[in-house]
Amino acid sequence: MEFKTNSGIWGTMFGVPCIVADNFLKLATGEQIKVLLYILRCSGKNCTEEEIAQNTGVSPQQAADAVMFWQQVNVLAPESISPQSSTIMTQTPTAQSVQQPAAEVKKTPPTNQRQSLKPTEIARIMKDSPDISELFKTAEGILGTLNNTQQNSLIWMFNYLGLKKEVIITLLSYCSGIEKTNVNYIEKIACDWSENEINTLDSAQQEVSRMSESREYTSKIMRAFEMKRRPTAKQSEFISQWKNIGFSIELIHYAYEKTIEQIDKLSFEYINKILLSWRNSGYASVKDVKNAESNYKKKKKSTSKSDDDDFDIEEYKLLVNKF
């Protein structure tokens with residue numbers, strides 16, 4: 001299909017720097033492109049963020065962020081903003097100011113120091129590395145349009161942590177699925193994976209499966225305990241221990257009920273003592289525990305003790321251990 005321009009509209013034109021089309025059509029967001037086009041169209045006059053927002057359909061904050069983006073890549077001159085009036089001087093850049101950044105940018109080597117790469121540097125890295133370019137494209141399909149922080153993070157995970165792009169994509173998919181796409185959260189898991197040498201597609205998928213099972217187990221515990229907030233670090237340790245031992249949710253919930261009966265509050269330490277006591281006595285199900293309780297009550301009754309007498313946890317543990 002061929003496209004032809006309408007020659008009748010060429011009576012009034014304004015210029016767009018070549019670097020915008022060459023380097024930033026993929027990198028810049030739609031809002032940033034709209035803001036730049038409006039500013040270039042208004043070359044020579046002052047525009048407020050509100051005016052830009054009104055004429056481009058973006059918010060004033062998005063307009064301010066877009067202006068900052070184009071300043072960082074030297075498409076707009078930094079001195080064109082007036083802090084007192086929040087007014088933007090729409091100044092068309094000179095050829096020297098536009099071409100200089102591309103000449104100065106060098107390929108950034110892997111480093112353990114977190115860097116804040118400028119958009120021009122990121123554009124050059126994308127051009128030099130097909131893997132990172134492909135990683136960005138796939139990540140945008142998962143997370144949406146990437147901001148500068150996310151782009152820096154992906155480059156850091158790939159270059160410094162050494163995670164393969166398919167491993168990073170697996171991690172992003174998992175975090176998106178649980179609606180935790182905060183950069184700090186993603187990087188924490190990425191560091192754990194790097195330290196534990198989880199750097200193949202198979203190992204990453206296995207780890208995601210393990211994390212998903214653990215998360216589901218924790219959710220069931222929270223429902224069983226009627227918890228309204230996520231467990232603390234210490235509580236999470238107990239939950240992880242119970243999962244590794246193989247305690248069923250039904251058994252844990254029964255231990256929770258016993259705890260409420262005894263001390264009238266949620267206590268992971270108390271529940272843990274009950275569960276370990278049951279395990280040491282060979283009880284693996286609620287049915288096993290209830291049978292032991294029934295036998296204990298019968299024994300108490302046979303020794304002329306009332307069925308309704310309450311027993312404390314220490315006495316109960318001694319009895320259970322005897323069984």
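Asp-192 and Lys-188 sit four residues apart in helix H10, a spacing of about one turn of the helix. In this predicted model, the two side chains form a salt bridge whose closest N and O atoms are 3.8 Å apart. Asp-192 is partly exposed, with a relative accessible area of 31%, whereas Lys-188 is exposed, at 55%.

**Salt bridges**

| Pair | Distance between N and O |
|---|---|
| Asp-192 and Lys-188 | 3.8 Å |
| Lys-234 and Glu-237 | 3.8 Å |
| Lys-258 and Glu-261 | 3.9 Å |

Lys-234 and Glu-237 are three residues apart in helix H12 (residues 233-245), so about one helical turn separates them; Lys-234 counts as partly exposed, because its relative accessibility is 46%. Through salt bridges that share partners, Lys-258, Glu-261 and Glu-293 are joined into one network.

**Packing of H6 and H7**

Helix H6 (residues 119-128) packs against helix H7 (residues 130-143) at an angle of about 110°, and the axes of these helices are 5 Å apart. Angles of 65 to 115 degrees count as roughly perpendicular, and H6 and H7 are therefore roughly perpendicular to each other. On the H6 side the contact is made by Ile-122, Ile-125, Met-126 and Asp-128, which meet Pro-130, Ile-132, Ser-133 and Phe-136 in H7.

**Loop residues with positive phi**

Glu-197, although it is not a glycine, has a positive phi of about 55°, and it lies in the loop between helix H10 (183-195) and helix H11 (201-224). Glu-197 is exposed, with a relative accessible area of 69%. Asp-264, which is not a glycine either, has a positive phi of about 60° and is found in the loop between helix H13 (249-263) and helix H14 (268-280); Asp-264 is exposed, with a relative accessible area of 64%.

**A nonpolar surface patch**

On the surface, Phe-14, Val-16 and Leu-37 form a nonpolar patch that has about 230 Å² of accessible area together. Val-16, one of these residues, is in the segment before helix H1 (18-23), and counts as partly exposed because its relative accessibility is 39%.

Notes. Residues are numbered from 1 along each chain as its sequence is written. This is a predicted model: local features need pLDDT of at least 70, side-chain atom pairs count only at pLDDT 80 or more; totals for chains, interfaces and linings use all residues. Side-chain values use heavy atoms; hydrogens and water are left out. Patches are made of residues with over 30% relative accessible area and no salt bridge: like charges are joined within 9 Å, nonpolar side chains (Val, Leu, Ile, Met, Phe, Trp, Tyr) within 5 Å. Accessible areas come from the Shrake-Rupley method with a 1.4 Å probe; for residues, only the protein chains shown count as cover. A salt bridge is a side-chain nitrogen of Lys or Arg within 4 Å of a carboxyl oxygen of Asp or Glu. Helices (H or I, at least four residues) and strands (E, at least two) are DSSP runs, numbered from the N terminus. Buried means under 20% relative accessible area, exposed over 50%, partly exposed in between (1.4 Å probe, protein chains only). Axes are lines fitted to C-alpha atoms, for helices over the stretch in contact, and angles run from 0 to 180 degrees between N-to-C directions. Angles under 35 degrees count as roughly parallel, over 145 as roughly antiparallel, 65 to 115 as roughly perpendicular and the rest as oblique. Contact means heavy atoms within 4.5 Å.
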